[in-house]
Amino acid sequence: MSNVLSKILGFFTGEGFKHYLKTLKYSLYMILHPFDGSWDLIHEKRGSMAAAHTIVILALLTNIWDMRFSNFMVNNTRWSEVNILMRLASILVPLFIWVLSNWCLTTLFDGKGRFGDIYMATAYSFTPYVLIGIPMIIVSNIVTKEEGVFYTYFNVFALIWCVFLILCAMMMIHDYGLGGGLLSTLASVAGMAVIMFIVLLFFSLISDAVAYFVSIYKEITMRIS
Amino acid sequence: MMKRITALLLLACLVLSGLSNAKTAYADDSWYTYTYNYWGDEEASPDAYTVDRVISGSAFGEDVGSLLNPDSLFAIDDLLYVVDSKNNRIIEAQWKNGEFRTVRVIYHVNVSEEKKDLLKIGDKIELCLLQPGDVFVKPITKEQRLKVYGEYLGTPYVPEIEPEEEPAKDGEGEGKGEGDNADATDADAEKKDNASDSDGENGETGETGETGETGETGETGESSEGGKASEGTKPAKTKWQENIEVRKFNRDYDIFIADTQNNRIIHCDYDLNVIDVVANPKDETLADDYKFLPSHFVVDDAYRYYVQALNINAGIMEFTKDGTFTGYIGASPVTISFAQRIWRKIQTKEQRMKTKMFVPTEYNNICIDSKGFLYVTTSTLKDNEIATGTGKPVRKLNSMGTDILIRNGNHFPIGDLKTGNVAGAMEQGLSITGSTAFVDVVTFENETYCCLDKTRGRLFVYDFQGNLLYAFGNSGMNEGSFLNPSAVVKLDEETLAVLDRFAGTITIFTMTSYGKLINKALSLYRVGQYDESADVWREVLKYNGNCELAYVGIGRSLLRQKRYKEAMDEFEIARDSVNYSKAFKYYREEVVEDNIVWFIIVIAALILIPKGIRTAKRLRKEISEA
């Protein structure tokens, strides 16, 4: 028993956890110093994957909490139509496709960032959304409808901040200039659309192919019997 | 290490997400009565009106026969007027103890020698109605009438009827009417006794009527008429005398008849003696060969006419009491979108001529409420205009013609919010598409109003704020369904009559206790008895827990009683964010005031504790340095 306890204690006092906390704390530095912060995040190994995952999960939680706990004056969630997995997927899938598309393009165009780097930088860029989003959920419950515009303003501000951070991060991790950063970002968005299209095409072709073989199988079984 | 942290976080995510399992409810979507909830979905509601009976023309007496394309209804006090357009007649019936009793059938009016020129069409004096479109009845005493319109009765004008013209003019309907008039007078036997001043001809008609009752009505009527014609009597005169007889059933009413195909509105007293005629409006906006086709109209308390004419899309035509055309009111401005404007620039002149004209909405019906505001409906709007709220199918016009209808509900008063088979709407198994098309509207005392939808044969009742109270009806042949509803009137505050043009029937709806409760709650609220109103709304909730308005009503009462938290809960159920916010503002004030000490302590602590820590640190540093 004491063994387990000491192990748990060891986990939380160990070097790894300390590093994790440090890298997580680094996100606060990064959002205020987008250029230096993004550069150091990758090149100086100031960030960690665990911290990136944490921020992504916190962002997902913020999204869900916003749906669940923010006041109905600013929140038009229809509970009978909520599918929590779809809601999570609607953030995670675009995130994955974004990272994939960005990695594919920048690899071709001299980008320095690796797949993990892109993911980490993007995840760290979600920090303002979490930091502003969660207080806004509380605020939405202590303001009237007229004051509720602050909720909207701050959330929009958070999103703009996030987008700005992503842009900066892309410039820094790929070692691009302003033009290159903007262009690669726009191209990645276009790439996302292409990937979505290919995936849909792929699935529709696969289902057609499956249907073809199924019909052949049916035909044969009918002939034999 | 990192993996373990991630796994831990994922687990935390699931625990912390704070979600309860939301259940999805699906229901059978074929109800008779329903409302739209906050989300714009249909929700079953208890019946607010039920069909009392469906009556056809024969209910007005055996010899009235069936109704043919009846266009309009009008009800005043205990009288119901059915405008039986294609039969060129108006049936006047008395609604008493749940039964109809025909008073008379109006085929023509009477005129004095002095006024006969008013009825001149071409060079003929036309007394008979030709496809009347609407009728309006207004209470007015003899003294008032004399004051407003002056003396109008004089020597009765007796038309010269050429024998060969008579069969052409008097169709089968005329023959039936002959018998019917007699029947009506027969029913009012006690009144007939007073008709001793009638001459021999009149007595003869009475007899004809009786034979008509025993034998085959229509034919007997016609043959008797033919007989009379051969005797050299004048049938039109006979009717004139009959109408005098009806005068025994006297009321202080004026009758206005939109004699559509004769291009005029006839204004006469209750005995059908013509007082005035509105015809041939003269205006520079109207073409010289313009044919005035009044379809529906109302008369306000200043005896002005507001006429919806068939071929006019510039709004409602307004006439003074003496029939002078003064202009249009309520025309909706023509809006051309930017894209359309660009497109028109590119088009050649020929193409432009061929494209559809941008015309303002054409109204199709008009109703006047007890305060003199006009309610108008239109069905010429496009689906997307209606859905976005730019097209307004029902409007309330003030005397300036401005739309002052309040649209504070969660949805616009546009009828069905969807365009498919809403709430089980089907027509003989076929799909119905398209927006709701309002064709008539009727207002109630508590400023609720009921719109009649032609597309799905439905009635939509809205309160004075524009909230849908309930919708009911359907398309079809069943009781309570309609093929082509054309008019709706209230017989009293709790009874509706809906006219079906194709079926030629009138459906009488009576209000259920549920409908009465809602009405009562709204009326109490309007006179300021909020708490009593809330009690009624609580009763409503026993019938229908989904009634959002009930929650708002209760919430409002709680808000007035300063029970803010409870009010907030009620408003939240109805998702009424405006009222919720109001209640919350007071609630917040209350909480802050009650706990002001705690707030000060917390704020002070937030300021002082970090300061204290800093001081302590500095002191320690100083001590250690020293």
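I count a contact as heavy atoms within 4.5 Å. This is a predicted model, so I take local features at pLDDT of at least 70 and side-chain atom pairs at pLDDT 80 or more, while totals for chains, interfaces and linings use all residues. Residues run from 1 along each chain as written, chains are lettered from A and ligands numbered from 1 in written order, and side-chain values use heavy atoms, leaving out hydrogens and water.

**Entry: B:Y305 and the cores**

I looked up B:Y305. Leaving aside residues up to four places away in sequence, B:Y305 touches a list including B:F256, B:H267, B:F297, B:M317 and B:F319. B:Y305 is also one of the residues that touch the most other members of the largest nonpolar core, which has 58 residues. (Such a core is a set of buried Ala, Val, Leu, Ile, Met, Phe, Trp, Tyr and Cys joined through side-chain atoms within 4.5 Å; buried is under 20% relative accessible area with a 1.4 Å probe, protein chains only.) Strand β11 of chain B (253–259) gives this core its largest share, five residues. I found another core apart from it, with 47 residues, B:I518 among them.

**Entry: helix α12**

Just after the helix, B:G528 has a positive phi of about 90°.

How values were computed. Buried < 20%, exposed > 50% of the residue type's maximum accessible area, 1.4 Å probe, protein only. Helix = DSSP H or I, 4+ residues; strand = E, 2+ residues; numbered from the N terminus.
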